[in-house]
Amino acid sequence: MFGKQSRKVFWLLLLIGGMIMIGNESPAEADGADIRAAWVWQAQSVSNGDELLANAAKHKINRLYVNVDMTMPKEVYQTFIAKASRAGIAVEALGGDPSWAISGREGPMLRLASWVSDYNQAAETNEQFDAIHLDIKPYVLPAWKEDAKPLVQSWVANMNLLFEQVRQDGAVAVNIDLPFWLDSYTVTGNRVSEDADNEPLSRWFIERVEHVTLLAYRDNAQGNNGIIRLIEQEMNWADTSNVSVTVGLNTKPMPGEEFTTFAGKGAAQLESVIEEVASAFSEHSSYAGSAVHDIVYWGQLEPSELPSPEIPSNQPEIRGTYIWEASQVTNDGESTY
């Protein structure tokens, strides 16, 4: 059908087309592999990014949520992200503070979105952030415990401001961290059990972003209090909304709440649970992989599995398992805004 020269042209065009298609994907997606992500709260670690990238390679990470310091020269991020891209690692611009959910306190969040949008429009493709990654955690504020309704409503309003700005500015996607139990509240801030007329808060977020990291901080996959059961509803919503999901796991020591972390249990147990969760959700179109909090604590896990502490027999619904007090969020360096 084709002559020798025609076949050469055909295969050359096919190769170019394939390269273009891969070029439009993030490095983590180019080979179809599951996402293996980690939070990086230490903003300065990108200044000499070789050590960070070496740690990422050690854990086979292909996506980093990197805390952004907008005072750092943009050239630092261009250099780091270009290196990460060559290593097959996508980089998201991480930022967040509980106060961003308070009415009138959304300014730093909007500035971060503008900064990332401007940065991406000026950067080469291989130097661009893959998304803005928001980790806001308003539920650590005392106001949430006292009366969540006003805070939930202002959080929703502030996020709508962000979504509108991003639509106007372009050049960036918005991804967000959500705790698994957020589906117990509606967009009005009431409990779902008391407010059947309004949408669950988790679903509201899932329908408005491109990617969600579900903070499913448990040290086991199975059972009523295991990861699979706890996020089943969110995975179904994400399937329906064509939104991708990574499942977040914790490696930070949590005294008194050991069942929320893999600290002291070893890397083997973490990897085993990651595999169980991936297998359980393999038929879900939304399942994209896993994310570990955070790269520093992940590196401190012993390589082999250690005996797990006894899990409390009667675990209450805890608003803040794996959640720190607002002052601790700031003091741990997990917020620069």
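1. In this predicted model, Met159 touches Met109, Leu134, Ile136, Ile176, Trp204 and Phe205, leaving aside residues up to four places away in sequence. Met159 is also one of the residues that touch the most other members of the largest nonpolar core, together with Leu64, Phe129, Leu134, Trp144 and Trp155. That core holds 97 residues. Helix H7, residues 148-169, is the main contributor to the core, with nine residues. As general background, nonpolar side chains in soluble globular proteins tend to be buried together.

2. Strand E3 covers residues 90-95, and six of its six residues are buried. In a regular strand, side chains alternate between the two faces of the sheet. In E3, one side carries Ala90, Glu92 and Leu94, while Val91, Ala93 and Gly95 lie on the other; all of these are buried, so both faces of the strand are covered. The reader may wish to note that Glu92 is among the buried residues.

3. On one hand, E3 pairs with strand E2 (residues 63-67) in parallel, through five bridges. Within this pairing, Leu64 is placed opposite Val91.

4. E3, helix H5 (residues 107-122) and E4 together make a β-α-β unit that is right-handed. Leu134 links this point to the first, as one of the residues touched by Met159.

5. Thr246 belongs to strand E7, which spans residues 244-250. Is this residue buried or exposed? Thr246 is buried, because its relative accessibility is 0%, and the cut-off for burial is under 20%. Its side chain makes a polar contact of 3.0 Å with the side chain of His211. Beyond four places in sequence, the residues touched by Thr246 include Ile35, Tyr65, Val212, Leu214, Ala288 and Ser290.

6. The chain has a mean pLDDT of 86, and 81% of its residues reach 70 or more. Over residues 1-24, pLDDT stays under 50, and the model has three contacts for this stretch beyond four places in sequence. Residues 308-337 also have pLDDT below 50, but the model gives this stretch 74 contacts beyond near neighbours in sequence.

Methods: Residues numbered from 1 in each chain as written. Predicted model: local features only at pLDDT ≥ 70, side-chain atom pairs only at ≥ 80, totals over all residues. Heavy atoms only, no water. Core = buried A, V, L, I, M, F, W, Y, C linked by side-chain atoms within 4.5 Å. Buried < 20%, exposed > 50% of the residue type's maximum accessible area, 1.4 Å probe, protein only. Helix = DSSP H or I, 4+ residues; strand = E, 2+ residues; numbered from the N terminus. Contact = heavy atoms within 4.5 Å. Pairing = 2+ DSSP bridges. Right-handed = clockwise from strand over helix to strand, strands pointing away. pLDDT = per-residue confidence, 0-100. Polar contact = N/O pair within 3.5 Å; in protein donor to acceptor, adjacent residues only side chain to side chain.
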